[in-house]
Amino acid sequence: MARLPILEYPDPRLKKVAAPVAAVTPEIRKLAADMAETMYAAPGVGLAATQVNVHKQVIVIDISEHRDELRVFINPVLLEAEGEAENEEGCLSVPGYYDKVARAARIRLRAQNERGETIEFDAEGLLAVCVQHEMDHLRGKVFVEYLSPLKRTRLAARLRKKHQLAG
Ligand code: NI
């Protein structure tokens, strides 16, 4: 396995739309394993392939306390989304920034797992938030794009300053 570099907002490559995975090959399983290692090392609770500059529909999530319940979702599709819940979110592509985002409170997801099996399940709470956040990445969307224009202007100023300091 290998840790992969994570793209940081506003890198234009984060706007690319990921393509469906035609078959769950050893190459895709290796990608998922590398993404998991990258997520655990960061550390984070979720990562989309888009964030490591691979534009395929693969996400990894682990919201467990002991970091031992890895979930791999390939070609995820939301079958249902209902209710609304606002939660504070962060993103490995926007380090150090957290803000509230409103999303569906409950979802029903269909995806393939790392064995290529089709799975369907209901999720709510943090898992529902993570799935929606990572699926946005696959569509080229970063969570800060939901923020008000004022907040986005402030964030942009902060990122410019950070990059100037970093040289
Ligand atoms: Ni993210």
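Contact here means that heavy atoms lie within 4.5 Å. Helices (H or I, at least four residues) and strands (E, at least two) are DSSP runs, numbered from the N terminus. A residue is buried under 20% relative accessible area, exposed over 50%, and partly exposed in between (1.4 Å probe, protein chains only). This is a predicted model, in which local features need pLDDT of at least 70 and side-chain atom pairs count only at pLDDT 80 or more, while totals for chains, interfaces and linings use all residues. Residues are numbered from 1 along each chain as its sequence is written, and side-chain values use heavy atoms, with hydrogens and water left out.

**Helices**

The buried residues of helix H1 (residues 26-41) pack against strand E1 (46-48), strand E2 (58-61) and E3. Those buried residues are Ile28, Leu31, Ala32, Asp34, Met35, Ala36, Thr38 and Met39. The expected span of a helix is 1.5 Å times one less than its number of residues. For the 16 residues of H1 this gives 22 Å, and the end C-alpha atoms are 22 Å apart, in agreement.

Helix H2 has 14 residues and reaches 21 Å from its first C-alpha to its last, close to the expected 20 Å. Twelve of its 14 residues are buried, so H2 is largely enclosed by the rest of the structure. Among the buried ones are His133, Asp136 and His137. Just after H2, Gly140 has a positive phi of about 85°.

**The nickel ion**

Donors are N, O and S atoms within 2.8 Å of the metal (3.2 Å for Na, K and Ca); water is not among the atoms, so sites may look incomplete. The protein donors of the nickel ion are Cys91 (SG), His133 (NE2) and His137 (NE2), at 2.1 to 2.2 Å from the ion. Their spacing in sequence is C-x41-H-x3-H. Cys91 sits in the loop between E4 and E5 and His137 in helix H2 (residues 125-138), so this pair links parts of the chain that are 46 residues apart. Both Cys91 and His137 are buried.

**Salt bridges**

A salt bridge is a side-chain nitrogen of Lys or Arg within 4 Å of a carboxyl oxygen of Asp or Glu. The whole structure holds 15 of them.

| Salt bridge | N to O distance |
|---|---|
| Glu82 and Arg106 | 2.9 Å |
| Lys151 and Asp99 | 3.1 Å |
| Arg139 and Asp136 | 2.9 Å |

Glu82 belongs to strand E3 (residues 71-82) and Arg106 to strand E6 (residues 106-112), 24 residues apart. Glu82 is partly exposed at 43% relative accessible area, and Arg106 is also partly exposed, at 36%.

Lys151 is partly exposed, with a value of 33%, whereas Asp99 is buried at 11%.

Leaving aside neighbours within four places in sequence, Glu89 is in contact with residues including Asp99, Arg103 and His133.
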